[in-house]
Amino acid sequence: MIQQIYPSVSHPYSYELNKDMHFAAAHSIPSADAGKCAQVHGHTYFANVTIAGDELDASGFLVNFALIKRLIHDRFDHTYLNDDNEHFHAQSADYFPTTEVVARTIYEITQNYLDQLANKPRCVQVYLRETPTSYVIYRPKKTDQQLAANEAQNKAAAPDA
Ligand SMILES: Nc1nc2c(c(=O)[nH]1)N=C([C@H](O)[C@H](O)COP(=O)(O)OP(=O)(O)OP(=O)(O)O)CN2
Ligand SMILES: [Zn+2]
C-alpha cells in the first residue's frame, strides 16, 4: 500500500528512487484454472517502481517522478487490461493479465523509457499489489555484462579472495 515499506533489492548503484502509484483496472484471466478470476472483475492496483543509477540529469533527477506516473498510471488507470493487445493477449499464459505479467509489463514499459535517457537509470524492482492479500515482485535478471562487472568489482575489492 502507499507509504508502506517495500522489500529492498540489492544493486550496485549510488542513487535509488521509488515511485508509488495506484490505478483502477479491470481484467479477466483466460484460463480454465483461474476459477472466479476468469470472470471480468476489477482491482485498485498499488505499484511501487524502484529505479537506480549513478548519474543525475540536468535537473538533478535520476528520473522525474512525474514521468514514471505518466508512463504507468496514465496508461492503465480505468482500463480493461485484456483490451490492451500491445501488452496482453489470450494466446500465451506469459501474456495473460495476471499480477505477475502486469508487474513484468510495468518493468518493460519503464525500462524502455529509461533506455532513452543519457544518464541510463535502471529499473531494478516492480512491486505490484492486486488485492489486500496478494502481491508480486518482479526483478529483472542481471545480464551477462552486469554479472561480469559485479565479479570484476568484487575481485577489485578483495583481490586475494
Ligand atoms: N499467482 C496468481 N494467482 C492469482 C492471480 C494472479 O494474478 N496471480 N489472480 C487471481 C485473481 O485475479 C484475483 O484478483 C486475486 O485473487 P485472490 O488473492 O485469491 O483474491 P481474494 O480477494 O479472494 O483473496 P483472499 O485472501 O482469499 O481474500 C487469483 N490468483
Ligand atoms: Zn483479479
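1. β4 and β5 run antiparallel and are joined by 5 bridges. Helices (H or I, at least four residues) and strands (E, at least two) are taken here as DSSP runs, numbered from the N terminus. Thr131 has Ser134 of β5 as its bridge partner. The model is a predicted one: local features need pLDDT of at least 70, side-chain atom pairs count only at pLDDT 80 or more, and totals for chains, interfaces and linings use all residues. Residues are numbered from 1 along each chain as its sequence is written, while chains are lettered from A and ligands numbered from 1 in the order in which they are written.

2. The sheet as a whole is open. Its 5 strands stand in the order β3-β1-β2-β4-β5, with mixed pairing. The edges belong to β3 and β5 (134-138); each has a single partner strand, so one side of each lacks a neighbour in the sheet. Two strands count as paired if DSSP finds at least two bridges between them.

3. β1 takes part in two pairings. With β2 the direction is antiparallel, and 13 bridges make the join. Lys19 has Val49 in β2 as its bridge partner. With β3 the direction is parallel, and there are 2 bridges. Here Ala25 stands opposite Thr79 of β3. In a regular strand, side chains alternate between the two faces of the sheet.

4. Overall content: the protein has 3 helices and 5 strands. Along the sequence they follow the pattern β-β-α-β-α-β-β-α. The C-alpha trace spans about 60 × 35 × 30 Å along its principal axes.

5. Burial comes next. Of the 161 residues of the protein, 25% count as buried. The cut-offs rest on C-beta atoms placed from the backbone: a residue is buried with 20 or more others within 10 Å of its own, exposed with 12 or fewer, and partly exposed in between. As for contacts between residues at least 6 apart in sequence, 66% join residues at least 24 apart. A contact requires C-beta atoms, placed from the backbone, within 7 Å.

6. Helix α1 covers residues 65-76, 12 residues in total. From first C-alpha to last it reaches 17 Å, close to the 16 Å expected at 1.5 Å a residue. That expected span is 1.5 Å times one less than the number of residues.

7. Which residues of α1 are buried? They are Ile68, Leu71, Ile72 and Phe76. These residues cover an arc of only 85° around the axis, which puts them on the same side of α1. The arc is that of the directions from the helix axis to the C-beta atoms. An α-helix has 3.6 residues a turn, so residues three or four places apart point the same way. On the other side of α1, Ala66, Arg70 and Asp74 are exposed. The cover over the buried residues of α1 includes β1 (15-27), β2 (41-53), β3 (79-80) and α2 (99-114).

8. His78 deserves a look. The residue lies in the loop between α1 and β3. His78 is exposed, with 10 other C-beta atoms within 10 Å. Ala90 is 12 residues from His78 in sequence and 20 Å from His78 in space, C-alpha to C-alpha.

9. Lys120 is found in the loop between α2 and β4. This residue is exposed, with 11 other C-beta atoms within 10 Å.

10. Which residues are around ligand 1? The shell consists of Ile29, Cys37, His43, Thr98, Thr99, Glu100, Glu130, Thr131, Thr133 and Ser134. The elements giving two or more residues to this shell are α2 and β4 (122-131). A residue counts as near if its C-beta atom, placed from the backbone, lies within 6 Å of the molecule.

11. By type, the shell around ligand 1 divides into 2 nonpolar, 6 polar and 2 charged residues. Ala, Val, Leu, Ile, Met, Phe, Trp, Tyr, Cys and Pro count as nonpolar, Asp, Glu, Lys and Arg as charged, and the others, Gly among them, as polar.

12. Cys37, one of the residues around ligand 1, sits in the loop between β1 and β2. Cys37 is partly exposed, with 16 other C-beta atoms within 10 Å. Cys37 and His27 are 10 residues apart in sequence and 8.3 Å apart in space, C-alpha to C-alpha.

Technical notes: Two residues are in contact if their C-beta atoms, placed from the backbone, lie within 7 Å.
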